[in-house]
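Dear colleague,

I am passing on a structure to you, and below it I describe the charged pairs that I looked at. Please keep it open while you read.

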Amino acid sequence: MDSLAKTQLIRRADPEYDRGDLAFIIIAGAMVLFMVPGLAFLYSGLARRKSALSLIWVAAAGNAVTIFQWYFWGYSLAFSSSATNGYIGNLRNFGLMNALGNVSPGSPLIPELLYSFFQMEFACVTMCLLLGGIAERGRVLPAMVFTFVWMTIVYCPLACWAWNVNGWAFKWGVLDFAGGGPVEIGGGVSGLAYAWVLGRRHEKELINFRPHNVSLVSLGTFILWFGWLGFNGGSAFGANLRAIMAIWNTMLAAAFAGIVWCLLDYRYERRWTMVGFCSGTIAGLVAATPSSGFVHPWASVIIGILSGALCNFATKVKFLLRIDDALDLFAEHAVGGMIGLFLIGFFGDADIIALDGVSAVPGGFMDHNWKQLYIQFTYVVATSAYSFVVTALIAKAIDMIPGLHLRGSPESERLGMDEIGEFATDYIELHRDFTDGFAPAQGDHHMHFTAGDRHGQPETGLHRDSHDISAQPENSKELSTVEVKPTNE
């Protein structure tokens with residue numbers, strides 16, 4: 001049999017999938033990818049100006065490392081169907097082997113190759129979420145080593161527990177639609193553990209701390225909201241009524257949580273804050289993540305109100321624990337995920353679950369399924385404990401390796417963590433504006449540079465490398481050297 005005949009035989013043996021479902025999940029996966037720059041902009045805006053770009057950079061680099069890990073063995077460790085231990089998969093799908101047109105482990109509506117891509121984007125968002133824990137004091141290179149190890153030892157087991165057909169939580173009947181455990185608790189609690197190992201910022205850095213760019217915070221939040229529609233809607237794995245219900249529930253929970261958070265902030269501060277609305281919106285989106293495919297819209301209103309209030313109060317936990325969770329990963333993501341997961345036990349409805357046309361599982365308290373409450377509670381405790389303890393051990397172990405210490409030097413914290421020769425807002429480099437072109441070049445050994453160019457591309461204008469003043473005349477050095485004092489911004 002020639003190769004063409006073999007290919008045709010394989011195609012005939014593959015299940016037939018609806019092209020609309022395939023297109024919908026491809027688009028939903030791309031929307032989830034868009035959440036990575038959303039997180040980057042959000043974190044960058046929340047940080048000080050002098051450390052803003054490092055958070056964009058760590059999100060971009062973490063995304064790339066996670067893609068490699070997922071292709072290498074991450075998908076197999078999370079979803080290989082031949083592993084039956086209930087805790088982690090095997091290497092049957094190493095390098096995406098045997099992941100083509102077979103029915104996916106998550107739904108009969110899409111093939112495994114598409115399912116692996118969609119789940120990879122979930123992993124990327126989770127990792128970028130967690131890496132916010134390095135804010136203003138963590139180094140990027142060790143964080144990338146941590147990313148690969150954490151994905152392997154923490155995220156893959158958590159995904160296996162909840163979503164692999166052989167996972168212990170899946171078999172026990174845990175309901176987790178789009179990642180309250182692996183994504184929200186896994187990312188939020190692990191971010192808290194990472195921040196704990198890093199230690200608190202210096203007290204001077206904690207005084208008068210506030211977001212440096214609220215516009216970026218707002219932009220990042222609305223990018224996340226847009227991507228979250230693919231995150232939750234795509235978790236129905238098809239263009240069906242359950243996907244539409246998940247999208248509606250996501251919108252409602254986010255809106256009500258944002259309103260409640262603003263009201264609570266106004267009570268204390270007597271002003272309406274954009275950062276408060278963004279924080280509340282994210283809390284609602286997080287709570288909708290595990291619940292949106294299981295509940296009625298009226299239940300999502302309640303979930304939004306509770307998540308907006310409880311996540312707001314949870315921002316005080318870091319002060320009680322003395323852990324410098326600079327971006328409130330625990331309060332917004334971990335607590336929001338816990339709320340959404342637990343409330344499924346009350347509001348889960350079998351009729352909503354069946355809207356995708358293929359799922360048939362009992363709901364929660366509203367369906368007289370009383371045991372769902374303690375199942376959900378136990379799952380929350382298990383994922384939280386595992387995430388914190390194992391993440392802290394991984395971070396501490398990497399920190400002890402020479403050259404991979406997680407935290408930057410005191411001097412780098414004082415000057416800012418943007419040590420890669422670039423800055424999120426260029427005007428932090430005021431010395432270039434004041435020194436470039438002050439003194440004429442002396443001799444041919446002076447290289448002229450384009451304003452803002454760091455790669456040594458010559459130009460014929462007045463701008464030159466103002467850092468090299470060794471060959472300037474003595475009477476010009478005073479003019480071309482301007483001391484720039486570091487600030488707390």
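**Salt bridges and burial**

Arg407 counts as buried, because its relative accessibility is 18% and buried means under 20% relative accessible area, with exposed being over 50% and partly exposed in between (1.4 Å probe, protein chains only). Its partner in a salt bridge is Glu413, with the closest N and O atoms 2.7 Å apart; here a salt bridge is a side-chain nitrogen of Lys or Arg within 4 Å of a carboxyl oxygen of Asp or Glu. Glu413 is buried too, with a relative accessible area of 3%.

Please note that this is a predicted model, in which local features need pLDDT of at least 70 and side-chain atom pairs count only at pLDDT 80 or more, while totals for chains, interfaces and linings use all residues. Residues are numbered from 1 along each chain as its sequence is written, and side-chain values use heavy atoms, leaving out hydrogens and water.

How many salt bridges does the structure hold? There are seven, and one of them joins the side chains of Asp324 and Arg137 (3.9 Å, N to O). Asp324 lies in the loop between helix H14 (317-321) and helix H15 (329-347), and Arg137 in the loop between helix H5 (112-130) and helix H6 (140-163), so the pair ties together parts that are 187 residues apart in sequence; helices (H or I, at least four residues) are DSSP runs, numbered from the N terminus. Both Asp324 and Arg137 are buried.

Arg242 and Asp356 also meet through their side chains in a salt bridge (3.1 Å, N to O), and both of these residues are buried.

Best wishes

Technical notes: Helix = DSSP H or I, 4+ residues; strand = E, 2+ residues; numbered from the N terminus.
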